[in-house]
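Colleague: I have the chain open on my screen. Please take me through it, one question at a time.

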Amino acid sequence: MHMMNVEINFLVCIWKCSSVAVVFRLSEERMQVEEESYRQSVIVDLQEQIDSIAPNKYFTQVAAAGSKGLLKIFAIEENGFNFVADFRSVRSRRLNLMYSASHVSWSHIIDNMIATTSTNGAVVLWNVDKATMHHTYKAHTRSATKVCFHQTDHNTLISGAKDAAVIQYDFRMPEPVKKFMSGSCDPVRDMQFGIHPSHYDIFVATDDGGSVRFWDLRKNDRPLYQFVAHHGPSSIALNPSYDDQNLIATAGRDKFIRIWKWFDRSESQLNSSMYSVEATASVSRVYWRPMHKYQVASCSVVSDTNIHVWDIRRPFLPFASFDEHRDICSDLAWKEDDSEIFLSAGKDGLLVMHFVENAHHPMNHVSDVAVDISPAGIVAVAVSSQLNLKNESLVEREKARKGEAYAPRRRKYDPFQSSIPSFLICCKPTERNVEVSPQHFIILAKRYKLYGEDASSLCFHNSRIAEDIKKYDIAHTWRVVGLICGFTSFFEKPSRGETSPGHENVDTKDNSVTTVDAVARSRFPSSLSSSGVVRNVDGQDVTESIFSGVVPQMASTSSDLFFGDNELNRDGLNADFSEFMLPYDFKAPTNLKMEAFALRPYEEFEDGETSCSPSSEEHFDDRMPNHTSELKRCQIGNLRIRPELACSPSWDPLPLLCSVFDFYSDLGDVQTCVSVLLVLGEKSKEFIDLGTQKLWFLDYIGMLECYELWNTAAEVIKLCWIAAVSNLSNESTSVRLMCAKCKAVSVTSSPYCKKCLKKFNFNCSLCSLPVYGLWSWCRGCTHGGHPHHYAEWFASNKKCPTGCGHFCVQ
């Protein structure tokens with residue numbers, strides 16, 4: 001912020017707007033720019049948990065209280081807080097419950113009196129000047145939670161407690177004078193007296209059930225008004241503005257802050273709020289900002305340590321945020337005649353004096369352009385209608401900071417003044433990298449098989465599904481993945497008591513082993529090809545038995561894979577084996593290299609040395625032991641195999657799979673990516689980053705929900721091995737019911753409406769009888785009934801049995 005001392009002497013610039021020229025003359029000789037220093041936040045650490053604070057009427061002193069024995073007075077000064085008194089001067093090992101204050105309140109009339117609550121249900125009055133206990137009221141049967149002084153009557157005090165009662169005290173009487181009971185068993189959470197002349201004898205209270213009740217001190221048999229504002233414990237704040245004295249703000253554990261009109265309430269507004277703000281976490285306290293009728297401040301009860309100031313006209317982002325606290329903020333208080341200063345206290349023991357000018361403004365970091373793509377490939381672009389005005393205001397602010405001249409604008413940019421409309425542009429690209437229609441997406445999502453068989457079988461089944469809708473590129477990908485799964489055991493799930501496919505348990509008498517193990521230590525056992533057939537030393541043909549265990553039957557009729565120089569056969573395995581080329585020259589001298597580079601035998605690895613590249617080599621070594629005895633007994637034509645020269649081929653399938661995922665990910669086809677991941681199983685996380693997998697899963701689940709494929713989405717969530725995705729099945733597991741008569745939302749498990757006492761309709765749509773226990777319903781038309789009745793109906797029908805016309809089964 002800058003202050004400029006300017007003399008107008010000569011012409012500097014001309015700014016034109018709407019054909020009007022504005023001339024500025026600035027001083028060449030003298031321009032002084034001095035920066036105004038911001039007031040820094042004042043922080044004092046009490047080293048004890050603070051549960052509540054209360055400043056006096058003149059904002060010169062503040063009382064800090066905590067349920068663990070904290071009760072201190074501090075003086076509020078320009079440069080910080082000065083300690084005044086400690087009511088618990090003698091610290092003993094045993095805590096007096098009178099000092100366990102969870103809430104404190106300072107009298108508006110008697111400046112040396114404060115009141116506190118205690119965990120034993122007592123309400124204690126304290127003398128600030130003497131730092132001693134003045135009087136004690138023991139009226140509650142459970143812990144007292146809130147205490148509040150009357151605005152004009154210095155003898156009146158009320159308190160609320162967990163026994164669901166509000167009690168009125170008169171300092172001239174030794175005992176409580178009135179008790180307010182609503183019939184609810186929910187503990188009282190918050191209270192406040194009316195702050196305007198016409199409301200002095202009215203107070204409002206909220207409880208842990210989310211109900212808001214207005215009481216008159218002269219009538220304690222029933223509340224004046226009551227309604228349910230939130231689901232769970234809630235807080236209340238009356239508007240200090242005289243022009244808007246009928247507005248109240250409520251906040252609850254359901255993460256909502258709502259604004260209600262309470263004094264002149266019509267029947268049409270009985271269950272609807274005027275404004276609603278959804279916070280980022282559960283809200284414990286809400287307060288109106290003085291002299292700003294559209295702004296409220298809130299603090300969270302869990303997870304969020306920041307204090308947020310919200311503008312109810314733009315409820316999606318905080319107007320300002322403060323992050324001085326390290327733990328949950330428990331209470332805050334505004335200065336009544338100054339909207340730029342407020343105090344806060346937290347569980348971290350910090351007492352902070354905030355200045356609004358030091359706040360963080362999230363709106364400054366928000367993009368004014370948004371882009372999204374529909375499942376059909378349509379691109380939508382939203383642009384703020386005040387983008388140019390915002391950019392110009394930023395330029396003006398930067399010029400003001402540097403001390404440069406700028407033309408004052410007639411129209412100020414205020415993003416919170418009203419809702420800012422946006423321009424929406426929809427376009428369809430002329431060329432696409434991939435074309436998957438919504439119909440094809442739905443067919444593949446419904447007919448893909450993702451579990452229940454081995455990976456190779458699932459791949460070939462899904463390949464046929466893709467071919468049926470003429471998606472030959474996806475079908476070819478499934479065949480490639482299926483063949484890879486058939487060649488390797490890397491993606492197979494081990495099971496006890498079962499042998500892996502392609503391996504047989506035979507009698508090992510005469511030191512004989514299976515012919516399949518003749519190709520040992522091989523990731524992909526390529527052809528032991530020759531100009532003839534493979535025979536053992538006894539002259540028996542073992543060619544078919546060797547390759548039958550290495551290559552799956554599905555590969556005999558397919559030529560989709562090309563393995564380079566070590567390919568089994570381009571034309572299939574049924575062709576003449578004489579066409580095969582030897583990968584190794586067994587007659588070659590040992591001093592000549594058989595490959596362009598020498599293969600490194602496994603025995604050469606030093607202790608502790610491992611390969612860093614994604615490879616499945618170690619899985620094949622464990623599965624295929626080295627059977628040199630069988631190799632010694634095999635010969636190809638006139639050639640005898642030398643086992644010391646037999647080694648594993650060097651081709652690794654994992655880089656190929658990585659390239660497949662990268663290809664479809666670049667195309668935006670998350671359906672193929674997620675489906676292949678689920679078929680391959682959890683071991684795919686060894687070569688695909690879990691963060692990338694999480695994004696694919698969440699995107700695919702979102703697309704399934706857009707098409708209302710709830711069963712498929714639930715199946716994907718259940719099969720996913722990522723905790724952040726699999727835990728989605730544990731969210732949103734509760735259903736709230738709305739009364740058809742009064743439109744009130746049920747917050748309990750009672751079958752009756754809490755407001756009009758009408759019983760909810762839990763009758764089956766098929767048999768018209770009440771449903772007890774499990775209830776099934778359609779998320780599209782919301783009709784339901786007994787699960788077994790609906791199962792019988794949908795076995796032969798697709799439409800809803802009520803006749804509403806909705807296709808419940810697609």
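Modeller: One definition to begin with: buried means under 20% relative accessible area, exposed over 50%, and partly exposed in between (1.4 Å probe, protein chains only). The model is predicted: local features need pLDDT of at least 70, side-chain atom pairs count only at pLDDT 80 or more, and totals for chains, interfaces and linings use all residues. Residues are numbered from 1 along each chain as its sequence is written, and side-chain values use heavy atoms, with hydrogens and water left out.

Colleague: Is Q47 buried or exposed?
Modeller: Q47 sits in the loop between β5 and β6. Its phi is positive, near 65 degrees, and it is not a glycine. Its relative accessibility is 65%, so Q47 counts as exposed.

Colleague: And A164, buried or exposed?
Modeller: A164 also has a positive phi, about 70 degrees, without being a glycine. Its loop runs between β15 (156-161) and β16 (165-170). Relative accessibility is 7%, so A164 counts as buried.

Colleague: How many helices and strands are in the chain?
Modeller: Helices (H or I, at least four residues) and strands (E, at least two) are DSSP runs, numbered from the N terminus. Of the 810 residues, 44% are buried. The chain has 13 helices and 40 strands.

Colleague: What share of the contacts with a separation of 6 or more lies between residues 24 or more positions apart?
Modeller: A contact means heavy atoms within 4.5 Å. Counting contacts in the chain with a separation of 6 or more, the share from residues 24 or more positions apart is 51%.

Colleague: Which residues have the most contacts inside the largest nonpolar core?
Modeller: A nonpolar core is a set of buried Ala, Val, Leu, Ile, Met, Phe, Trp, Tyr and Cys residues joined through side-chain atoms within 4.5 Å. The largest one has 48 residues. The two with the most contacts inside it are F661 and F697.

Colleague: Which helix gives the largest share of this core?
Modeller: Several helices supply at least two core residues each, among them α8 (654-667), α9 (670-680) and α10 (690-706). The largest share is eight residues, and it comes from α9.

Colleague: How do α4 and α8 pack: parallel or antiparallel?
Modeller: Axes are lines fitted to C-alpha atoms, for helices over the stretch in contact, and angles run from 0 to 180 degrees between N-to-C directions. The axes of α4 and α8 lie 11 Å apart, at an angle of about 160 degrees. Under 35 degrees counts as roughly parallel, over 145 as roughly antiparallel, 65 to 115 as roughly perpendicular and the rest as oblique. So α4 and α8 are roughly antiparallel.

Colleague: Which residues make that contact?
Modeller: From α4 come D473, I474, T477, V480, V481 and I484. From α8 come L656, L657, V660 and Y664.

Colleague: In what order do the four strands of the open sheet run?
Modeller: Two strands pair if DSSP finds at least two bridges between them. The edge strands, β6 (52-55) and β9 (80-86), each pair on one side only. The twist averages 25 degrees from one strand to the next. Pairing is antiparallel, in the order β6-β7-β8-β9.

Colleague: Which residue of β8 stands opposite V62?
Modeller: Six bridges join β7 (residues 61-66) to β8 (residues 70-77). V62 also belongs to another core, of 18 residues, which lies apart from the largest one. Its opposite number in β8 is F74.

Colleague: Which residue of β7 faces A54 of β6?
Modeller: β6 and β7 run antiparallel, joined by four bridges. A54 points the same way as S52, while I53 and P55 point the other way; all are buried. Opposite A54 stands A63.

Colleague: How many residues of β32 are buried?
Modeller: One side carries L350, V352 and H354, the other L351, M353 and F355. β32 is largely enclosed by the rest of the structure, because the buried count is six of the six.

Colleague: Which residue of β32 is the bridge partner of F342?
Modeller: β31 (residues 338-346) and β32 pair in the antiparallel sense over five bridges. In their hairpin, with three residues between the strands, G349 has a positive phi near 85 degrees. The partner of F342 is H354.
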